[in-house]
Amino acid sequence: MTERDQSAGRFITFEGGEGSGKSTTTAALVTSLSASGLSVLATREPGGAPGAEHIRSLLVSGAVDRWDPMAEALLHFAARREHLEHTIRPALEDGTWVVCDRFYDSTMAYQGYGQGLGPVAVRNLQFVALGDFAPDLTIVLDIPPQDGLGREINSDASDETRYGRMGAEFHARVRDGFLAIAAAEPDRCVVIDAAQSLDDVQDAIWQTVSDRLGVTSHGG
Ligand SMILES: Nc1ncnc2c1ncn2[C@@H]1O[C@H](COP(=O)(O)OP(=O)(O)OP(=O)(O)O)[C@@H](O)[C@H]1O
Ligand SMILES: [Mg+2]
């Protein structure tokens with residue numbers, strides 16, 4: 001991880017399979033961090049910058065097999081590069097904390113493991129697109145794929161179903177991928193059991209952020 005300037009914000013990412021609770025808990029963490037007095041930006045991938053949002057629509061809807069896996073990974077990294085340069089890096093340099101719903105571990109898990117591109121290819125693309133830029137903390141929300149897929153979809157864009165339609169074996173590989181990433185990078189990644197109640201998941205997330213990044217709740 002590149003050490004950020006003391007005055008810079010911290011970069012926290014949420015990762016995990018479909019319906020693991022990323023969007024819900026990202027929003028809750030942003031509320032808690034803001035209440036503790038920090039400047040906080042919530043963002044998500046694919047997307048988070050104008051060009052990246054255009055690319056998002058190419059990735060999250062339509063036929064499951066519409067992209068060759070390498071082309072698909074390149075699209076994710078093209079979007080991510082736009083997101084980093086136009087949104088994430090400027091905010092961090094301003095001292096704003098950035099909380100992101102999915103980041104590069106999703107490409108490793110979905111394209112590297114799920115779609116079979118392999119970890120080396122994805123790691124190489126990551127290095128070309130982002131250099132050594134990395135999150136300060138990554139929360140991996142872990143849940144059996146069928147349980148996550150069975151949760152009520154909490155999205156205003158009901159056509160964003162492409163990854164959800166990729167099948168049980170694909171989603172099992174994605175889950176294995178996230179767990180392998182977390183096991184390989186324990187300084188950056190923390191796995192949280194996302195099958196717990198939402199309150200318990202949120203408590204575990206806040207505990208992790210407090211322990212790892214030294215945030216304390218307002219007045220506490
Ligand atoms: N721990 C939990 N227990 C029960 N329900 C939960 C829990 N966490 C989230 N949910 C519910 O599950 C649904 C999916 O959550 P959410 O949209 O946050 O997941 P996600 O990881 O962002 O999904 P996606 O991958 O589709 O973007 C929502 O209806 C949410 O309220
Ligand atoms: Mg979501």
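## Basis of the description

In this predicted model, local features need pLDDT of at least 70 and side-chain atom pairs count only at pLDDT 80 or more, whereas totals for chains, interfaces and linings use all residues. Residues are numbered from 1 along each chain as its sequence is written, chains are lettered from A and ligands numbered from 1 in the order in which they are written, and side-chain values use heavy atoms, with hydrogens and water left out.

## The shell around ligand 1

The shell around ligand 1 has 17 residues, of which Gly 21, Lys 22, Ser 23, Thr 24 and Gln 196 come nearest; a residue belongs to such surroundings if one of its heavy atoms lies within 4 Å. By type, the shell holds 9 polar, 5 charged and 3 nonpolar residues. Here Ala, Val, Leu, Ile, Met, Phe, Trp, Tyr, Cys and Pro count as nonpolar, Asp, Glu, Lys and Arg as charged, and the others, Gly among them, as polar. Helices α1 (22-35) and α8 (198-213) each supply at least two residues of the shell, and α1 gives the most, with 3 residues. Helices (H or I, at least four residues) and strands (E, at least two) are DSSP runs, numbered from the N terminus.

Polar contacts, in which a pair of N or O atoms lies within 3.5 Å, require within protein that one atom can donate a hydrogen and the other accept it, and residues adjacent in sequence count only if both atoms are side-chain atoms. A backbone N or O atom of Gln 196 lies 2.8 Å from a nitrogen atom of ligand 1, and an N or O atom in the side chain of Arg 151 is 3.3 Å from a nitrogen atom of the ligand. An oxygen atom of ligand 1 is 3.0 Å from a backbone N or O atom of Gly 19. On its own, ligand 1 has 640 Å² of accessible area, and the protein covers 75% of this area. Accessible areas come from the Shrake-Rupley method with a 1.4 Å probe; for residues, only the protein chains shown count as cover.

## Nonpolar cores

A nonpolar core is a set of buried Ala, Val, Leu, Ile, Met, Phe, Trp, Tyr and Cys residues joined through side-chain atoms within 4.5 Å. Buried means under 20% relative accessible area, exposed over 50%, and partly exposed in between (1.4 Å probe, protein chains only). The largest core has 36 residues, and those with the most contacts inside it are Phe 11, Phe 77, Ile 88, Phe 103, Tyr 110, Leu 130 and Phe 133. Elements that each supply at least two residues of this core are α2 (50-60), α3 (69-93), β3 (97-101), α4 (104-114), α5 and α7 (168-184). The largest share, 8 residues, comes from α3.

Contacts, defined by heavy atoms within 4.5 Å, link Phe 103 to Phe 11, Thr 13, Glu 15, Glu 45, Arg 80, Ile 88, Leu 130, Phe 133 and Pro 135, not counting residues up to four places away in sequence. A second, separate core of 19 residues includes Phe 14, Trp 97, Leu 137 and Val 190.

## Helix α4 and its flanks

Helix α4 is mostly covered, with 10 of its 11 residues buried. These buried residues pack against β1 (11-16), α3, α5, β4 and α7. Just after α4, Gly 116 takes a positive phi of about 80 degrees.

Arg 102 lies in the loop between β3 and α4. Arg 102 counts as buried because its relative accessibility is 12%. Its phi, near 80 degrees, is a positive value in a residue other than glycine.

Thr 43 is part of strand β2 (residues 40-44) and is counted as buried at 10% relative accessibility. Not counting residues up to four places away in sequence, Thr 43 touches Gly 48, His 83, Thr 87, Val 98, Val 99, Cys 100 and Asp 101.

Pro 46 is placed in the loop between β2 and α2. A cis peptide bond joins Glu 45 and Pro 46, with omega of about -15 degrees. Most peptide bonds are trans, and most residues other than glycine have a negative phi.

Ala 134 is buried at 8% relative accessibility, and Asp 136 is buried at 11%. The side chain of Asp 136 reaches the backbone nitrogen of Phe 11 at 2.7 Å and is joined to the side chain of Arg 4 by a polar contact of 3.0 Å.

Pro 144 lies in the loop between β4 and α6 (145-150). With a relative accessibility of 32%, Pro 144 counts as partly exposed.
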